[in-house]
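Morning, everyone. Please bring up the sequence and the structure side by side. I'll go from the whole chain down to one residue.

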Amino acid sequence: MKYLFSILVLIVCSTINAKTVELDDWTIRVISDYIFEYESCHEESPGTIIVSCTEDMHHYYMYIYEGKTYYDKVDLSGTICCGHPVKFVGTNIPFLFQGKISKRIDYENATIPVGYDPIPWKMVFHKDGSLCKMLTWKVNPGEDIDDMIDLSLDYKGYSVKRFDLRHTYSEFETFNFHDPEILNGEMKLAELMLSYIGETGICDLTSPSIIDALSKVDILVKIKRNGKMRIIGFEEKSGDRRIDSSVMKAARKIAKSHFKPFTFRGEKIAMYKPLTRCLFRYISGMEKDF
């Protein structure tokens, strides 16, 4: 009898611990969609779902990913959604869920499978609760998020704030490694840069060693929303002062051109771009990639 009582207490306590969070309808829909897409892509159940939340001055960030055995030994707050355990950690986001969540993860007791690298959905909200479409993505920033926007219209709405448009994006944030409309494409950009480098008379463009050194130079620039370019500086140098100087002179000439601004999710954005990466691709005979 005492043994049976202990089992009942354990079951009740486990149930209470498993459901310390109440989900908003929108959050239930999102987690449900994540589980459905995961099963469609992997043909297996995702198991435990991890929801990790953070915030900054303007945004709340919610990352959803499959935990495998990563947190099996860690006592995180959570609930059940579509039959799957959902564990929460980080900052409480009041319009997405209610209840007690874990503030941090006890990594010492976590089991990390070899080669495990979770691929999350990243949901970003402004502090007023509207979806931030500029920073939200599924798997990677290049994925279409129209379904997330439609879902948000049903529940919370979405908006584009001035501080999101003033932000200077990186290639990683937009997954835009090539913009075919900048100076008629990166092939043309590489050809123009090489012609400017040749005009300096510093580099012998027929020398294999010079060509190899040129392919290593990387200059970071900022393309503004108005199409103007500003040089940030070298990200990588060749090791030869003459070559680096020649490439920088060519970059300064390029900077006088008017670029077509980058666009992302239908909005003009400012963006950081490695200007001279095109030289490596062009010189390496990778023109077919453009």
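This is a predicted model: local features need pLDDT of at least 70, side-chain atom pairs count only at pLDDT 80 or more; totals for chains, interfaces and linings use all residues.

Now the overall numbers. The protein has 290 residues, and 46% of them count as buried. Next, contacts. Take those between residues at least 6 apart in sequence: 69% of them join residues at least 24 apart.

On to helix pairs. Look at α2, residues 25-42, and α3, residues 146-155. Their axes come within 10 Å and cross at roughly 160°. Angles over 145 degrees count as roughly antiparallel, so α2 is roughly antiparallel to α3. The crossing of these two helices is right-handed. Which residues of α2 and α3 meet? From α2 we have Asp-25, Trp-26, Arg-29, Val-30, Asp-33 and Glu-37. From α3 come Asp-147, Met-148, Leu-151, Ser-152 and Tyr-155. Sort the contact of α2 with α3 by class and you get five nonpolar, one polar and five charged residues.

The crossing of α6 and α8 is right-handed. On the α6 side, the contact residues are Leu-189, Leu-192, Met-193, Tyr-196, Ile-197, Glu-199 and Thr-200. They meet Ser-246, Val-247, Lys-249, Ala-250, Ala-251, Lys-253 and Ile-254 of α8. By class, the contact of α6 with α8 has nine nonpolar, two polar and three charged residues.

Last stop, a single residue. Find Leu-135, in the loop between β8 (131-132) and β9 (137-138). Is Leu-135 buried or exposed? Buried means under 20% relative accessible area. Leu-135 has 10% relative accessibility, so it counts as buried.

What is Leu-135 in contact with, leaving aside neighbours within four places in sequence? The list is His-59, Tyr-61, Lys-122, Val-124, Asp-164, Tyr-169 and Glu-173. Pick out Tyr-61 from that list. Leu-135 and Tyr-61 are 74 residues apart along the chain, and 9.2 Å separates their C-alpha atoms.

That's my tour. Questions, please.

Key:
Residues are numbered from 1 along each chain as its sequence is written. Side-chain values use heavy atoms; hydrogens and water are left out. Axes are lines fitted to C-alpha atoms, for helices over the stretch in contact, and angles run from 0 to 180 degrees between N-to-C directions. Helices (H or I, at least four residues) and strands (E, at least two) are DSSP runs, numbered from the N terminus. Angles under 35 degrees count as roughly parallel, over 145 as roughly antiparallel, 65 to 115 as roughly perpendicular and the rest as oblique. A crossing is left-handed if the near helix is turned anticlockwise from the far one by less than a right angle, and right-handed if clockwise. Contact means heavy atoms within 4.5 Å. Ala, Val, Leu, Ile, Met, Phe, Trp, Tyr, Cys and Pro count as nonpolar, Asp, Glu, Lys and Arg as charged, and the others, Gly among them, as polar. Buried means under 20% relative accessible area, exposed over 50%, partly exposed in between (1.4 Å probe, protein chains only).
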